[in-house]
Amino acid sequence: MVSAPDNSPPPSVGLFVTCLIDLFRPNVGFAAVKLLEKADCKVEVPRAQTCCGQPAYNNGDQHTTADIARQVIAAFESFDYVVAASGSCIGMIKEHYPRVLKDDPSWLDRAQRLAGRCHELTAFLVDVMQLQEVESSFAATATYHDSCSGLRELGIKQQPRALLSKVGGVTLKEMEDSEVCCGFGGTFCIKYPKISERMVSDKTANIVASEAECILGGDMGCLLNIAGRLKREGSPIKVYHVAEVLAGMANQSAIGDGKS
Amino acid sequence: MQGSTTEFKRQAEAALHDATLQRAMAKAKGGFVDKRRLAVARLPEFAQIRAEAKAIKEHTLAHLDYYLEQFERKVLESGGRVHWARTADEACAAVLAIIGAASKQVLKGKSMVSEEIGLNAAMERAGHTVVETDLGEYIIQLAHEPPSHIIAPAVHKTRDQITDLFQAEHEKYGLTERVTETEDIVNEARQVLRTKFLSADVGITGANFLIAETGSTVIVTNEGNGDLTQILPRTHIVTASIEKVIPSLDDMTVLLRLLARSATGQEMSSYNTLSTGPRRADDLDGPEEFHVVIVDNGRSDMLGNEFHDMLRCIRCGACLNHCPVYGAIGGHAYGWVYPGPMGSVLTPLMIGLENARDLPNACTLNGRCGEVCPMSIPLPDMLRTLRFKEHERKLSKARARGALKAWGLLARRPRLYQVVTALMTAVLGSIGGRAGRFRSLPLASGWTQARDLPAPQGATFQRMWRRRR
Ligand code: SF4
């Protein structure tokens, strides 16, 4: 429940879908919408969005990145808030768009104004909407992977855990090195597959050692990487985005699992 | 057997398959990380000291000429000499000129700058005998290898390897017993080195700091061999780079508090030793000659440019210890003197980006290095900046640039993007939906050689959303 401070209209939220949720796991997008609506937000999904631009940015193409940044800013600046179920994409919009547009004063100004209103989903629910209750249950032991950008650029650590603690039936079992990178790194994992393989194997070893039945996280990149590796290893451990569990929508096949 | 920066990928893969190296790395990793964490936790004002340290270095860099000149003046006043070297070659030449023509016994303390300028090779070519006195450096010198870590040069070696090495190399001193315990290994090295200390002509050390107000050079060690290296021989030569200078002893105490904690998790390193000039009339020991060779080697170009922050680096090694890539492949794979995150920034700047194209890319930008760096150096940002430069100079692979360009065209046209992605996910979803994943997929071998690719759920979110509303 949200402690509505007054009877001002519900905040408008533009959902930044993220390319990986759009392509691989729409369920996470719908889970985000459900959670936001429960928190009394008016959610819209602007059509003029594709990706936050990290593939270009982290591969050195500033020009394309700046174009994409302008596209995102234009599509989202009319909302009270921009929310995404990804720390990585929000980190990009919030921390990096102003840098990418630093030589373009009017766009820099727009980027900075948007930056203050961008939030990763769990941080938005806890820190901004002060969500107290989560109407969901999920009977499983789970461990949580702290994705790097969310953790280090946005300080997301307690928020998803606070929300999970309110989900009926979940027991959280922390793994070793939950804050160490899973080896995804965007195009890193295909440019340096052997190094990435080693890093993700270290991660899955820690997941297995935690004896949790499922692994949750807040970023699709990491989750696809981790799920892909767990499945390659023949592990039965289930992989879900934390939003799916919080919204009571983890009833579909887990990431990388077939239809049962 | 120095590797090559252009062979990064091959070297990294070899390292991943090297079981001995992997054992050594696994053993070292946790130790550094845990010890640092505890040391930082015990110091509530760590963040404040960190801010102070940054301010000290920034102040110094803003007035670098002033402090270097002050340092030189103070060295002269205390009876020493300062030699300026713009390049690695000039630095080696300066050291060789000080040593003189006759072949000498040279002792060396640990110094990364001397690795950077290739000093050992230059001295050996000139006919001098060089003995490393830092235990780690001594070990890798015996093994004819470069250091793999900036503070723990032999971290890639297991104890068994060291035992074998000592047995093979120390026989000539009559030490035939096989030493397997750490303490015995250290003692045996000490025994061998002691004879060298007493007969050496020249001692060369690096410097963690140069103190402008006193003209002192400072070394920070845990073995004390560095102290003997600079005290016993007749001539002491310090090799140090320009950014090592700091204004005062007070500033040094601030930086020392960060250095040891970040490096090894100690409150203070065992030996923090200052050298000020040659031996004075009433000194009991010390060298007769004291020289400081101050090396630029590209650093002054970094002043004020986008890599300026890197000049704050105090070579603590924390970024290496916390880097999951370094942890997986070790230091040699990077192919040059400085490995890990700080090396991936410095190496391209020193030997040319075109010669080290992989280094800025072989990083997930996970940010752990920047998080632990005591000098608040934004390492991931600088690695990304190097990627910008690679892109501008078209140094990246043509195929990768092509793919990026195609993706960029699509990503800037949302309508078209949504049509294309809807088709793609529908196809992939229908092929892979039942299994939930692909074991292999054309064009995705980079991904699928290490892991399955989870299948898309079927339709894109955008498509489903438009249908629902
Ligand atoms: S970059 Fe920072 S963490 Fe790395 S060695 Fe230098 S001071 Fe230490």
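**A note before you look.** Residues are numbered from 1 along each chain as its sequence is written, while chains are lettered from A and ligands numbered from 1 in the order in which they are written. Because this is a predicted model, local features need pLDDT of at least 70 and side-chain atom pairs count only at pLDDT 80 or more, while totals for chains, interfaces and linings use all residues; side-chain values use heavy atoms, with hydrogens and water left out.

**View 1. Chain B as a whole.** Chain B holds 22 helices and 12 strands (DSSP runs numbered from the N terminus, with helices being H or I of at least four residues and strands E of at least two). Along the principal axes, its C-alpha atoms fill a box of roughly 90 × 55 × 45 Å. Of the 469 residues in chain B, 58% are buried (buried is under 20% relative accessible area, exposed is over 50% and partly exposed is in between, with a 1.4 Å probe and protein chains only). Take the contacts in chain B between residues at least 6 apart in sequence: 72% of them join residues at least 24 apart (a contact means heavy atoms within 4.5 Å).

View 2. The size of an interface is often given as the accessible area lost when the parts come together. For chain A and chain B that value is about 6,200 Å², 58% of it on carbon and sulfur atoms. On the chain A side, Phe30(A), Arg47(A) and Arg232(A) lose the most area to chain B, together 13% of what that side buries. The contact draws 72 residues from chain A and 67 residues from chain B.

View 3. Thr364(B) is in the loop between α16 (340-351) and α17 (368-372) of chain B, and it counts as buried at 10% relative accessibility. Setting aside residues up to four places away in sequence, Thr364(B) touches Cys181(A), Gly183(A), Gly185(A), Phe188(A) and Met199(A). Its side chain also makes a polar contact with the side chain of Asn366(B), at 2.9 Å (a pair of N or O atoms within 3.5 Å; within protein, one must be able to donate a hydrogen and the other to accept it, and residues adjacent in sequence count only if both atoms are side-chain atoms). Leu365(B) sits in the loop between α16 and α17 too, and is buried with a relative accessible area of 14%. Its phi is near 55 degrees, a positive value in a residue other than glycine.

**View 4. Lys394(B), a positive phi in another loop.** Phi of Lys394(B) is near 50 degrees, which is positive in a residue other than glycine. Lys394(B) belongs to the loop between α18 (379-392) and α19 (398-411) of chain B. Its relative accessibility is 57%, so Lys394(B) counts as exposed.

View 5. Over all chains, a search of the whole structure finds 16 aromatic pairs. The ring centres of Phe76(A) and Phe79(A) are 6.1 Å apart with planes at 50 degrees, so this pair is tilted (rings of Phe, Tyr and Trp, using its six-membered ring, pair if their centres lie within 6.5 Å; planes under 30 degrees apart are stacked, over 60 edge-to-face and the rest tilted). Both Phe76(A) and Phe79(A) are buried. Ring pairs also link Phe188(A), Tyr192(A), Phe8(B), Tyr326(B) and Tyr334(B) into a cluster. Look too for the charged end of Arg110(A) over the ring of Trp107(A), 3.9 Å from its centre (NZ of Lys or CZ of Arg within 6 Å of the ring centre and within 35 degrees of the ring normal). In chain B, the charged end of Arg451(B) sits over the ring of Trp447(B), 4.7 Å from its centre.

Technical notes. Buried area is the accessible area (1.4 Å probe) that two parts lose on being put together, summed over both.
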